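Subject: Handover of a structure for your study

Dear colleague,

Please find the structure below, together with its sequence. I would ask you to look at it first and then to read the notes that follow.

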Amino acid sequence: NGFQVIVDVPGVAPDDVNVTVHNRVLTISGERIETAEQEGDRFRRRERFHGSFRRQFSLPEEVDEDNVNAAVKNGVLTIIIPRASEVQPRSITVTGE
């Protein structure tokens, strides 16, 4: 009935992930900013990790770009891309004498 794209995005908030579909091209982009702190008796250490990502995929002609859904759960982004209704296979009844 369609396509499913699964992407691991650990440590990335849902608001920091962008998913677009335009002219049969699926684009997934985002930015990850993470801060780590460690304190001891005589020291304090702070580290900041920063990075962006972007991936693009060509989609077949039969996708329904208007009904694409994306959700993040436990660091996994799932994108559901349905097929366009006019290209879904249909059953044809065969009659005989």
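Apart from neighbours within four places in sequence, Val 21 is in contact with Leu 26, Leu 59, Glu 65 and Val 68, where contact means heavy atoms within 4.5 Å. Val 21 belongs to strand S2. Strands (E, at least two residues) and helices (H or I, at least four residues) are DSSP runs, numbered from the N terminus. The C-alpha atoms of Val 21 and Phe 57 are 9.5 Å apart, although 36 residues separate the two along the chain.

Some remarks on the origin of the values are needed here. This is a predicted model, in which local features need pLDDT of at least 70 and side-chain atom pairs count only at pLDDT 80 or more, while totals for chains, interfaces and linings use all residues. Residues are numbered from 1 along each chain as its sequence is written, and side-chain values use heavy atoms, with hydrogens and water left out.

The chain as a whole

The protein chain has six strands and zero helices, and its pattern along the sequence is β-β-β-β-β-β. Its C-alpha trace spans about 95 × 25 × 15 Å along the principal axes. The radius of gyration, taken over C-alpha atoms, is 21 Å, whereas a compact globule of 97 residues would have a value near 13 Å. That globule value follows a rule of 2.2 Å times the number of residues to the power 0.38. Of the 97 residues, 16% count as buried; buried means under 20% relative accessible area, exposed means over 50%, and partly exposed lies in between (1.4 Å probe, protein chains only). Among contacts between residues at least 6 apart in sequence, 50% join residues at least 24 apart.

The sheet of S2, S3 and S4

Which strands make up the sheet with the order S2-S3-S4, and how do they pair? It is an open sheet of three strands with antiparallel pairing; two strands pair if DSSP finds at least two bridges between them. The edge strands, S2 (17-22) and S4 (44-58), each pair on one side only. On average, neighbouring strands of this sheet are turned by 5° against each other, direction ignored. For such angles, axes are lines fitted to C-alpha atoms, and the angles run from 0 to 180 degrees between N-to-C directions.

S2 pairs with strand S3 (residues 25-39) in the antiparallel sense over six bridges. Within this pairing, Val 21 stands opposite Leu 26, and Val 19 stands opposite Ile 28. The two strands form a hairpin with two residues between them, and Asn 23 in the turn has a positive phi of about 50°. S3 and S4 are also antiparallel, with 15 bridges, and Ala 36 stands opposite Glu 47 in S4. Four residues form the link in the hairpin that joins S3 to S4.

Thr 27 in strand S3

Thr 27 lies in strand S3. Is this residue, Thr 27, buried or exposed? Thr 27 counts as buried because its relative accessible area is 8%. Its side chain makes a polar contact of 3.1 Å with the side chain of Gln 56. A polar contact is a pair of N or O atoms within 3.5 Å; within protein, one must be able to donate a hydrogen and the other to accept it, and residues adjacent in sequence count only if both atoms are side-chain atoms. Beyond residues up to four places away in sequence, Thr 27 touches Asn 18, Val 19, Thr 20, Arg 54, Arg 55 and Gln 56.

Three strands form an open, antiparallel sheet in the order S1-S6-S5. Its edge strands are S1 (2-8) and S5 (69-73), each pairing on one side only. Here neighbouring strands are turned by 15° against each other on average, direction ignored. Five bridges join S5 to S6, and the bridge partner of Val 72 in S6 is Leu 77.

The largest nonpolar core has 11 residues, including Val 17, Leu 26, Ile 28, Leu 59 and Leu 77. Such a core is a set of buried Ala, Val, Leu, Ile, Met, Phe, Trp, Tyr and Cys residues joined through side-chain atoms within 4.5 Å. S3 and strand S6 (76-82) each supply at least two residues of this core, and the largest share, three residues, comes from S6.

Yours sincerely
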